[in-house]
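Welcome, and thanks for taking a look at this one with us. Here is a short briefing to read alongside the structure.

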Amino acid sequence: MSAAAPTVVLGDRVVGPSHPAYVVAEAGINHNGDLDLAKRLIDVAADAGADAVKFQKRTPDIATPPDMRDTRRETPWGEMSYLDYRYRVEFGVEEYEEIDRHCKARGIAWFASPWDVPSVDFLERFDVPTHKVASASLTDTALLSALRDTGRPIIASTGMSTMAEIDQAVAVLGTERLILLHATSTYPCPPEESNLRGITTLRERFPVPVGYSGHERGLQVSVAAVALGACVVERHVTLDRAMWGSDHAASLEPDGLRRLVRDIRIVETAMGDGVKRVFPGEETPRKRLRRV
């Protein structure tokens with residue numbers, strides 16, 4: 001007898017094979033430090049039918065690489081150091097309390113990618129359904145250990161990682177409450193680097209649900225990921241891809257997110273159960289067209 005397909009519970013949703021894909025709209029830092037913009041992105045995600053909206057949480061003094069801190073950056077608020085920019089776009093307790101209230105009012109879950117251990121402690125103030133490991137953090141053993149010790153489900157992206165690095169991360173995180181996301185950390189990601197068969201590779205190697213985090217333009221690759229069995233689909237969302245910021249160009253605008261959720265649900269319905277049979281709609285053509 002084959003082993004049961006692995007599943008993980010996120011809030012009121014079961015994630016895994018034979019369950020609808022869990023669609024995550026990543027607001028990330030596309031709010032540019034503006035709480036009203038963050039709330040508009042939550043509305044976009046909820047209106048599109050996404051299951052959750054995701055943010056990013058950093059302690060800038062820890063998460064900003066030392067060699068980047070004094071780098072000058074042009075921003076909508078003038079030229080400033082990269083460290084000052086990171087502080088400028090970071091939300092604190094009051095903003096996340098409002099994000100939490102707004103998500104509850106809109107009936108959508110939220111969680112975040114903590115980039116350092118204090119950010120894990122920060123997010124633990126809220127009853128988030130899961131924590132997310134960004135691809136850039138997959139080799140941060142101290143962070144992975146802190147996330148594991150929360151006892152919450154973990155979603156981990158595997159972009160910019162070797163299989164040996166993924167093996168090591170899984171060894172730290174464990175497989176009991178883990179979801180892995182195949183990803184390529186190119187922004188935006190060209191189709192030839194998407195390597196969607198990596199979904200199958202991860203699923204065959206680890207006894208966990210496997211999904212897809214996409215940074216490509218358009219919808220085709222993400223929809224194909226669902227056809228290949230992705231249990232989670234994560235895409236960045238923005239109000240306008242032309243907005244200032246590093247992630248907007250690889251994000252979906254509101255109508256794009258709405259169409260993605262629609263197309264994912266159509267593909268899930270079309271996959272069927274694999275049992276070959278004559279469907280009711282075929283009966284009349286069968287009688288009319290079969291000669292023998």
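How many residues does helix 10 have, and how far does helix 10 reach from its first C-alpha to its last? In this predicted model, helix 10 covers residues 254-271, which makes 18 residues, and reaches 26 Å, close to the 26 Å expected at 1.5 Å a residue.

**Helix 10 and its neighbours**
- Seen along helix 10, the buried positions are Gly-256, Leu-257, Leu-260, Val-261, Asp-263, Ile-264 and Val-267.
- An α-helix has 3.6 residues a turn, so residues three or four places apart point the same way.
- Packing against those buried residues of helix 10 are strand 3 (22-28), helix 1 (35-48), helix 9 (220-227) and strand 12 (232-236).

**Helix 6 against helix 7**
- Helix 6 (residues 141-149) packs with helix 7 (residues 163-173) at an angle of about 35°, and their axes are 9 Å apart.
- Their crossing, helix 6 with helix 7, is right-handed.
- Helix 6 brings Thr-141, Leu-144, Ser-145 and Arg-148 to the contact, while helix 7 brings Gln-168, Ala-169, Val-172 and Leu-173.
- Sorted by class, this contact of helix 6 with helix 7 has four nonpolar residues, three polar and one charged.

**The annotated domain**
- An unreviewed UniProt entry places the feature "domain: PseI/NeuA/B-like" at residues 41-276.
- Residues 41-276 are 40% helix and 18% strand, and the end C-alpha atoms of this span lie 43 Å apart.

Technical notes
Residues numbered from 1 in each chain as written. Predicted model: local features only at pLDDT ≥ 70, side-chain atom pairs only at ≥ 80, totals over all residues. Heavy atoms only, no water. UniProt positions renumbered as here; feature names shortened; annotations may be inferred. Helix = DSSP H or I, 4+ residues; strand = E, 2+ residues; numbered from the N terminus. Expected span 1.5 Å × (residues − 1). Buried < 20%, exposed > 50% of the residue type's maximum accessible area, 1.4 Å probe, protein only. Contact = heavy atoms within 4.5 Å. Axes fitted to C-alpha atoms, helices over the stretch in contact; angles between N-to-C directions. Left-handed = near helix turned anticlockwise from the far one by under 90°. Nonpolar A, V, L, I, M, F, W, Y, C, P; charged D, E, K, R; others polar.
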